[in-house]
Amino acid sequence: MAEIVNLRTARKRAARQAKEKDAAENRRRHGLSTAERQRERDELAQEAHRLDGHFRGRPPEGEEKP
């Protein structure tokens, strides 16, 4: 037989786990020094710039894709 589960407690458990995950992320983010935060921002900006560099753009109007 299957185990009987109270859905209310299951939802509460899932919500607590989600909150703990968010709290861990906030502890990591807000526990950084100013220099570490700036380095993280610079790394994210560099990643975005590198990704944008690979964008080929749209073909001009009237041209078809090969």
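Glu 20 is partly exposed, with a relative accessible area of 44% (buried means under 20% relative accessible area, exposed over 50%, and partly exposed in between, with a 1.4 Å probe and protein chains only). Glu 20 forms a salt bridge with Arg 27, whose closest N and O atoms lie 3.1 Å apart, a salt bridge being a side-chain nitrogen of Lys or Arg within 4 Å of a carboxyl oxygen of Asp or Glu. The model is predicted, so local features need pLDDT of at least 70 and side-chain atom pairs count only at pLDDT 80 or more, whereas totals for chains, interfaces and linings use all residues. Residues are numbered from 1 along each chain as its sequence is written, and side-chain values use heavy atoms, with hydrogens and water left out.

**Overall chain**

- The protein chain has 2 helices and 0 strands, where helices (H or I, at least four residues) and strands (E, at least two) are DSSP runs numbered from the N terminus.
- Of the 66 residues in the protein chain, buried residues make up 2%.
- The protein chain exposes about 7,000 Å², of which carbon and sulfur atoms supply 53%, the areas coming from the Shrake-Rupley method with a 1.4 Å probe and, for residues, with only the protein chains shown counting as cover.

**Salt bridges**

- By the rule stated above, the count comes to 5 salt bridges.
- Arg 27, the partner of Glu 20, is exposed, with a relative accessible area of 51%.
- Glu 25 and Arg 28 meet through their side chains in a salt bridge of 2.9 Å, N to O; these residues are 3 apart in helix α1 and are therefore separated by about one helical turn.
- Glu 25 counts as partly exposed at 31% relative accessibility, and Arg 28 counts as partly exposed at 39%.
- In helix α2 (residues 34-53), Glu 43 and Arg 39 are 4 residues apart, which means a separation of about one helical turn, and their side chains meet in a salt bridge of 3.5 Å, N to O.
- Glu 43 counts as partly exposed at 39% relative accessibility, and Arg 39 counts as partly exposed at 47%.
- Salt bridges that share partners join Glu 25, Arg 28, Arg 29 and Glu 40 into one network.

**Positive surface patch**

- Arg 8, Arg 11, Lys 12, Arg 13 and Arg 16 form a positive surface patch, patches being made of residues with over 30% relative accessible area and no salt bridge, with like charges joined within 9 Å and nonpolar side chains (Val, Leu, Ile, Met, Phe, Trp, Tyr) within 5 Å.
- Arg 16 is found in helix α1 (residues 7-30) and is exposed, with a relative accessible area of 54%.

Technical notes: Lys and Arg count as positive and Asp and Glu as negative; His and the chain ends are not counted. The place of a charge is taken as NZ of Lys, CZ of Arg, CG of Asp or CD of Glu.
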